[in-house]
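Let's take a walk through a protein together. Have a look at the sequence and the 3D picture, and keep them in view as you read.

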Amino acid sequence: MGNKLEPVINALEPLPSAPVFPSSPPIHLLLIDDDDVDRLAVRRMLKQAGIPVQITEADDFGSARNMLLKEKADCVLLDFHLPGGNGLELLQWVNTLRVEAPIIVLTGQGDEALAVELMKAGAVDYVPKRLLTPQRLSQSVRQAIRLHQAERRAKKAHDALEHPPDQLALGMPE
């Protein structure tokens, strides 16, 4: 007789023993910021932190929406203030689509109340640009991706519990 937990156990992916950022392939980041200098600074910080990345950029609310629809990003770095909208509006729109990439909000302005509002709307982290360093950015991206991977594993396990495979279809006795 088969183990009833077998579908759940099979659904669980092993925890990664290697770093979140293996030497290849690079992680795909979507960088959404209207300021060329800030985008360049983020690119430099990622390079200094040793994170292998492939970056797609958007510089306004409309292009950000288009990129979120067509690109499959591992993580999104989102500036709060954008031409055509703001980060909170974009997060709320993303939630209606169930985009799966974790979103980290970077902003040059804001306060604790804004940070709380953004986190409630689905941001996994909020980093004021004045506090951004290669180490802080690396830590935030690593944590966001690890959290996202853990959430995917938990969802897969939950789905396996809720919808076990048909025992007869597998040729197993009842």
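Which residues does L118 touch, not counting residues up to four places away in sequence? Keep in mind as you search that this is a predicted model. With those sequence neighbours left out, L118 touches F80, G87, L88, L91, V105, A123 and Y126.

The largest nonpolar core has 26 residues, and L118 is among the four that touch the most other members, together with I32, V76 and L78. At least two residues of this core come from each of β1 (27-32), α3 (61-70), β3 (75-79), α4, β6 (103-107) and α5 (112-120). Helix α4 gives the largest share, five residues. There is also a second, separate core of 18 residues, and I27, C75, I104 and A144 are included in it.

Now step back to the whole chain. You can find six helices and seven strands in it, and reading along the sequence gives the pattern α-β-α-β-α-β-β-β-α-β-α-β-α. Of the 174 residues in the chain, 39% are buried. Among contacts with a separation of 6 or more, 70% are between residues 24 or more positions apart. The chain exposes about 10400 Å², with carbon and sulfur atoms supplying 53% of that area.

With 13 residues at 1.5 Å a residue, α2 should span 18 Å, and its end C-alpha atoms are 18 Å apart, so the two values agree. At the start of this helix, a side-chain oxygen of D35 comes to within 2.8 Å of the backbone nitrogen of V37. After the helix comes G50, which has a positive phi, near 75 degrees.

Which residues of α2 are buried? They are R39, V42, M45 and L46. These four lie on the same side of α2, because they cover an arc of only 125 degrees around the axis. The cover over them includes β1, β2 (53-58), β3, β6 and α6 (134-162).

Let's finish with a residue of α4. T96 sits in this helix, which runs over residues 87-97. Is T96 buried or exposed? T96 has a relative accessible area of 56%, and because exposed means over 50%, T96 counts as exposed. A polar atom of the T96 side chain lies 2.5 Å from the backbone oxygen of W93.

Definitions and conventions:
Residues are numbered from 1 along each chain as its sequence is written. This is a predicted model: local features need pLDDT of at least 70, side-chain atom pairs count only at pLDDT 80 or more; totals for chains, interfaces and linings use all residues. Side-chain values use heavy atoms; hydrogens and water are left out. Buried means under 20% relative accessible area, exposed over 50%, partly exposed in between (1.4 Å probe, protein chains only). A polar contact is a pair of N or O atoms within 3.5 Å; within protein, one must be able to donate a hydrogen and the other to accept it, and residues adjacent in sequence count only if both atoms are side-chain atoms. A nonpolar core is a set of buried Ala, Val, Leu, Ile, Met, Phe, Trp, Tyr and Cys residues joined through side-chain atoms within 4.5 Å. Contact means heavy atoms within 4.5 Å. Accessible areas come from the Shrake-Rupley method with a 1.4 Å probe; for residues, only the protein chains shown count as cover. The expected span of a helix is 1.5 Å times one less than its number of residues. The arc is that of the directions from the helix axis to the C-beta atoms.
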